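Hi there,

Here is the structure I promised you. Please open it first, then read my notes below.

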Amino acid sequence: MPSVKDLAEKTIAVTGGHRACAGCPEPMIARWILMSSDRPVIAALATGCLEVCSTIFPYTAWNVPYIHVAFENVAAVASGIVTACKALKKRGEYDKEVNIVAFAGDGGTYDIGLQALSGALERGHRFVFVCMDNQAYMNTGIQRSGATPHYAATTTSPAGAQAKGKPQKRKDIMGIVAAHGIPYAAQAAPSHWKDLLTKAEKAFKVDGPAFLNVLIPCNLGWGFEPEETLELSRLAVETCFWPLYEVENGKVKINYKPRHKVPVVEFLKRQRRYRHLFEGDHKELLEEIQSEVDQNWQQLLSREALSAA
Amino acid sequence: MVATTVRKRRPAILTGEHFMLGDHACAEGALAAGCRFFAGYPITPATEVAERMAERLPEVGGLYIQMEDEIASIAAILGASWAGAKSMTSTSGPGFSLMMENLGLGIITETPTVIVNVQRAGPSTGLPTLVGQGDMMQARWGSHGPYEIIALVPWSAQECFDLTVRAFNLAEEFRTPVLVMTDAEVGHLTEKVVIPPADQIPIVNRKTPTEPPERYRVKSWDEELIPPMPKAGDGYRVFVESLTHDERGYPVMHWTAQERLVRRLIKKIQANRERILDWKERDIEGAEVVVLSYGISARVATRAIAQAQEKGIKVGSFRLITAWPFPVERVREIAGKIKGFVVPEINYGQMVLEVERAAAGQCRVLLVPCAGGRMHEPEAILEAIVAVAEGRPYDPFEAASAWLSAKPVKGRED
């Protein structure tokens, strides 16, 4: 990771003055990620919170070449940009070394964008795909997505007499992406910014597709106070709800292991999307969530051990 | 905010007077018509339909699934329909575009289902939160190949309810996907909605085979225009085919089969046009100008019409309720008696083409365009009415530019 002093001297690629909700870390994370690039950047954005809040003309926050595409196709458009740069270079009409980065939310990654993402990863284009994972469709008003965790309430997986929030578990997007055998995939969180910057830097350096899955605590959708964003991010990591790890050329490495794993209920009880689990007796559901977190963590540990062997 | 309150189970038909959102009225209309399966994907400004269904379907023993995109959403409702459920999805512009291939699948497999399109301003992502009526021709021709379609256009929250009920009835009767082409303004209007008692809501259910499976014989299409629809799992041989097929559903790779199938798909709707067609007309007798419109534009037009009548111009109104099929005969008849039609729509000329076709040169047909993101100013419609009444020239592009230059342009800093 470059020193903080070096970073401070970099051009701000995503400026302030955007329209993100108070307490939203997305523009900050986008800025950090672009700061980590050693080359000029071309950014492609899928429809989503980051696109909406940073680009309402004439107030664009982007100081780099920028394209907003449709909801489902950012990885495909990025593929086109990468390939065009390559083709132009071959013909001697373009001589820059650039990094191409695609940003999408969890909807544009886990759900509607998965086909385009999978195709781009399989074709092996040299680009970085960043998933801003706030765990639901926050931009359209909090509908469940493939990233919404078990028992979290959204407007389309409501909690009430008939249902206890989302009945399904979230997709293991890191597993899906890593299964493409790409050189680099990593999961990060804004509370651990040095780790995030290191991962972004690595992602930009690899020769092939790289994937970053960044947790975005969303005060509107998760239901907490705007000033608690980083605290929620930290709790997600400390409870192992959101492990910080990377898969580099097939090898799993956990970047942070909490000395004392905090019970997941400490993370859950701070958010209104889980409020129904704390009204009445839902001990067994809370235990189920804990055991899922434990199981994922154990699996990750054993995958790491296997990689080290 | 995420709803976590525990609510009492409500019945499927919420008989009574409500102060209700247009999008919610679509959902309630669907439930009243017997819809018990909804698959959808969040998209502004149609999300409230999905949210209402997510909340309501579990209360009435139905099923709501949120899919991974709109392609999956429409595919799921086609599947659900073949499993015997009345099914629906809702979407807006970009999602409607994604649904087009599967809309054709619904047409060729003759699957009753309902698609609500709460139109927003396009093309592409366009103005996601703001109104448009730019999908009217896409509704007619969006999927590839020759076919007929039924599309209804509500102009109020009440009609969101009524026409969604009707959409289900038409879908069931004619075994075809039916479109409800509402728009962001109508979808987001909250106004009075009266839901009648269950016995006053007409319900049509699809025709199913009458003989038991072992004695069931597929009839020739010459004998029946709309074949009965068995449901998967009832013991009938169900062969659902997207390829050109014969009566049994088996694919036939020959132009003769194509001619037979496609002609019947078109004929089953065309032959029943009279029963499907619906519109509302006012003051047509003796009118010199008729404003033909639909959806929210028709509501704006009522003001322009009143203004013109104050000026002493004889103006009638013609509001489309079925956009497709289009009431060609009646429009042609009116065209022979008036100076011209004025057609305000929030696009750059779609239904107006159909009016021109129907009018067949008998009178003037003026489009009052609007690219979307807003409704017309009533005065813009009035201008066109006066132009027809006084026989003055009218250029829709110039008229629209004049309205634009009267406003400071947002989003440009010269």
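A:Tyr137 is buried, with a relative accessible area of 5%; buried means under 20% relative accessible area, exposed over 50%, and partly exposed in between (1.4 Å probe, protein chains only). The ring of A:Tyr137 is paired with that of B:Tyr41: their centres are 5.1 Å apart and their planes at 85°, so this pair is edge-to-face. Rings of Phe, Tyr and Trp (its six-membered ring) pair if their centres lie within 6.5 Å, with planes under 30 degrees apart called stacked, over 60 edge-to-face and the rest tilted. The pair crosses between chains, and B:Tyr41 is buried too, at 2%.

This is a predicted model, where local features need pLDDT of at least 70, side-chain atom pairs count only at pLDDT 80 or more, and totals for chains, interfaces and linings use all residues. Residues are numbered from 1 along each chain as its sequence is written, chains are lettered from A and ligands numbered from 1 in the order in which they are written, and side-chain values use heavy atoms, leaving out hydrogens and water.

Over all chains there are 16 aromatic pairs. In one of them, A:Trp32 and A:Trp193 have ring centres 6.4 Å apart and planes at 45°, so the pair is tilted.

How many disulfides are there over all chains? The count is zero, where a disulfide is a pair of cysteine sulfur atoms within 2.5 Å. For A:Cys21, the closest cysteine sulfur is in A:Cys24, 6.2 Å away, which is too far for a bond.

Enjoy exploring!

Definitions and conventions. Helices (H or I, at least four residues) and strands (E, at least two) are DSSP runs, numbered from the N terminus.
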